[in-house]
Amino acid sequence: MTTVTTLLPDLPIDKDEVLELSDRFWNPGKTRFWSDAGVPLVIGERSGYVLTDMAGRELVDMHLNGGTYNLGHRNPELTATLVEALGRFDIGNHHFPSVARAALARELVASAPPGLKHVAYGSGGGEAIDIALKSARYATKRRKIVSIVKGYHGHTGLAVATGDARYAEIFLADQPDEFVQVPFNDLEAMEAALAPGDAAAVILETIPATYGFPMPAPGYLRAVKDLCDLHGTLYVADEVQTGLMRTGELWAISKHDVQPDVLVTAKGLSGGLYPVSAVLLGERAGGWLEEDGFAHISTFGGAELGCVVALKVLEMTQRVETAVRVAELSALFAERLGALRDAFPDWLVEVRQDGLVMGLVFATAEGAKPVMRALYESGVWAIFSSLDPRVLQWKPGLLLDDETALRVLDRLEAAVARTAEGHA
Ligand SMILES: Cc1ncc(COP(=O)(O)O)c(C=O)c1O
């Protein structure tokens, strides 16, 4: 029997050795960034919402890789599903119909806002965004894609071109002629971008994560959808971070009275165990599936093992108990975070929240970084927003227990108090 240990005979057990190997062979930039930031984390054991650093310290995970671990790390129901699935399935052959792909597609369509009829699969979020944008171009025969300034949709070819220059220019992947950005919550700018009638798609995260979760103004997303309809443009809802019950609804876009033409989900769909992503397509956007089903091909897209895990994720996420837990946790965090903001109004200047999607805005340009570090030192892992480092992303798991939630809140209060002193 081959075990992980025999496959990795030199499996380093010393954290410093891993850091040294990572610096040499893996990604020196990332390895050094985290060491310099005071977060030299190398994740060892992981279970539920707790990570253990290789040096032995436990950290409550309030990052969850953007919702990948919504249901916890190595959730026993999900690992059991994957283990059972391994007895019958593998990745499958992407050219042929399969029971797992068909079953997941049916469940996704059943769960989705009306009008979404077909599912195309990827293995990650960026790939799914590329499929979404290709589908919109197919449907409209237009090239232009409109996104928001500081939006984030991943790093593949089309996805990265919709995003911040910080990630596109280094690889000469920016395409300013075809990819237009407008400020978030600015309807006039959106109207001006769509009025020429040459945009294939508007792509929007329902609440932009990497920008620090600024909330859409009341009526904004609905008004954007109306503009899309007026100008023959498709609305693509990126629900990679906001979907799967994080806001208390399975899909956050449902709260905004918008029926998107395309909806993208990834991250949490995998259960943190087997990469899979999905693009839900309406009639127009899904037209290519009828005309030429081979127009988009991905060997690992919709891998059968991933589809089985995703089916379980959907089932667990839609349980009544899960919705109840999300509502209870949302109320607890709202109360304690509101009090914290009132206690430190010059430092914690704003609390953004929709359910378990939360951003804590600090007063200085990089204010979330010292808070992240103080939290790390006290046993909590939460990350700053890369495109607005004033904001700490605060992302509790859907099934977090009360005791851990209270512990994390105590530690957050201490970290805010400590960093407020340095700030004053
Ligand atoms: C909103 C959003 N869309 C798309 C992506 C891309 O997903 P992936 O990293 O799986 O390619 C991300 C990743 O963080 C994201 O946050």
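User: Which residues line the second largest cavity?

Analyst: In this predicted model, local features need pLDDT of at least 70, side-chain atom pairs count only at pLDDT 80 or more, and totals for chains, interfaces and linings use all residues. Residues are numbered from 1 along each chain as its sequence is written, and side-chain values use heavy atoms, with hydrogens and water left out. The lining of the second largest cavity consists of Gly151, Tyr152, His153, Gly154, His155, Ala159, Val160, Gly163, Asp164 and Tyr167. A lining residue has an atom within 4 Å of a point of the cavity, which is a set of points on a 1 Å grid over the protein atoms alone where a 1.4 Å probe fits but cannot get out.

User: Which classes make up the lining of the largest cavity?

Analyst: Six nonpolar and seven polar residues line the largest cavity, with no charged ones. Thr68, Asn70, Leu71, Gly268 and Val313 lie nearest its centre.

User: Why is leucine 227 called buried?

Analyst: Its relative accessible area is 9%. Buried means under 20%, exposed over 50% and partly exposed in between, with a 1.4 Å probe and protein chains only, so leucine 227 is buried.

User: What does leucine 227 touch, not counting residues up to four places away in sequence?

Analyst: Leucine 227 touches Leu187, Met190, Glu191 and Leu194, where contact means heavy atoms within 4.5 Å.

Notes:
1 Å grid on protein atoms, 1.4 Å probe; cavity = no way out; pocket = protein on both sides within 12 Å on 5 of 7 lines; lining within 4 Å. Nonpolar A, V, L, I, M, F, W, Y, C, P; charged D, E, K, R; others polar.
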